[in-house]
Amino acid sequence: MLETCTVTTFSEFWGAIEASVRGFSGEFLWWRGQARADWSVTPSLYHKCRAELETDMIVRFINRARPRYSRPPETNDIRSWLLLMQHHGLPTRLLDWSESPLVALFFAVREGEHLAHPGVLWALSPALLNKSQGKSDRILGVSDSAVLPLWEAAVGRVTSGDTDKIFAIAADHFDVRHMVQSCECTIHGTHKPLNLLPDAANYLRRIEIPAEFKQSFLTYLAYMGITESYLFPDLDHLAKDVQRLPFVKQPKPDSAPDHARKNTNTSD
């Protein structure tokens, strides 16, 4: 049974973070925020589209991405392409994590269609996950021999290695989003959700945020500079954040400036 706690204040949140670290005997943890607490921990490839078309999506993306991206990876660098696809919304076998619990919290409480639902923050021990998958208790590199079969399977190449594993890997940071979000990732060779594996309690913890407290957490995060335009440093998200500034919003009629409330009687 997964250990879960519910938090409603920032002090409770930090207490839950410290408890998670202690629960794993001080192990270095990764964090993932999800807007709904009833969602499983599984990559979008396995629940948003037909997983058997993974290779077709990858090929189509690579064929059309070059003129749209200033620094495209080499064609045969499937690892970098998958990381790029993941960060631009294409369903992949990768799952994003962050080294920062604040970044993960933002994704658990951010504005959107799921504000009426509880959010969840997942705490993962990447080293203990890899140990449970038959590797030593360390974070694996993207070129590790145990991980290569999973990359190859993504493009339909038959290999002799295990392709139904889930590994925590140190993601290459080649895009500014990777840097500001302190990105790491897990790679999944199976559709089975991480939180539903029999030994999940050995490397996973769960922190829930009730729906009615999401906005207050989002406000606190903004005070600390954790906003959309910080985590997504492009002009579109900057424009959205600027529009949310308090002094930019349209004033209510009863708070209009004096010059707008002059006598409009034209009978004189």
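Student: What covers the buried residues of α9?
Tutor: This is a predicted model, to be clear. The cover on the buried residues of α9 includes α1 (10-23), α5 (101-109), β4 (119-124) and β7 (204-209).

Student: Which residues are buried in α9?
Tutor: In α9, residues 214-223, they are Lys 214, Phe 217, Leu 218 and Leu 221. They span an arc of only 100° around the axis, so they sit on the same side of α9.

Student: Why would that spacing put residues on one side?
Tutor: An α-helix has 3.6 residues a turn, so residues three or four places apart point the same way.

Student: What follows α9?
Tutor: Gly 225, with a positive phi near 85°.

Student: Switching to α4. How many of its residues are buried?
Tutor: Nine of 10, so α4 (residues 78-87) is mostly covered. Among the buried ones are Trp 81, Met 85 and His 87.

Student: And what covers them?
Tutor: The cover on the buried residues of α4 includes helices α3 (54-65), α7 (148-154) and α8 (176-180). Strands β3 (94-98) and β6 (183-188) are also included.

Student: What comes after α4?
Tutor: Gly 89 follows α4, and its phi is positive, near 90°.

Student: Now the surface. Which residues make the nonpolar patch?
Tutor: Leu 235, Leu 238, Val 242 and Leu 245 make a nonpolar surface patch of about 350 Å².

Student: Where does Leu 238 lie?
Tutor: In helix α11, residues 235-243.

Student: Why does Leu 238 count as partly exposed?
Tutor: Because its relative accessibility is 41%. Partly exposed runs between the buried cut-off, under 20%, and the exposed one, over 50%.

Key: Residues numbered from 1 in each chain as written. Predicted model: local features only at pLDDT ≥ 70, side-chain atom pairs only at ≥ 80, totals over all residues. Heavy atoms only, no water. Buried < 20%, exposed > 50% of the residue type's maximum accessible area, 1.4 Å probe, protein only. Helix = DSSP H or I, 4+ residues; strand = E, 2+ residues; numbered from the N terminus. Contact = heavy atoms within 4.5 Å. Patch = residues over 30% accessible without salt bridge, like charges linked within 9 Å, V, L, I, M, F, W, Y side chains within 5 Å. Areas by Shrake-Rupley, 256 points an atom, 1.4 Å probe, with all protein chains shown as cover. Salt bridge = Lys/Arg side-chain N within 4 Å of Asp/Glu carboxyl O. Arc of directions from axis to C-beta.
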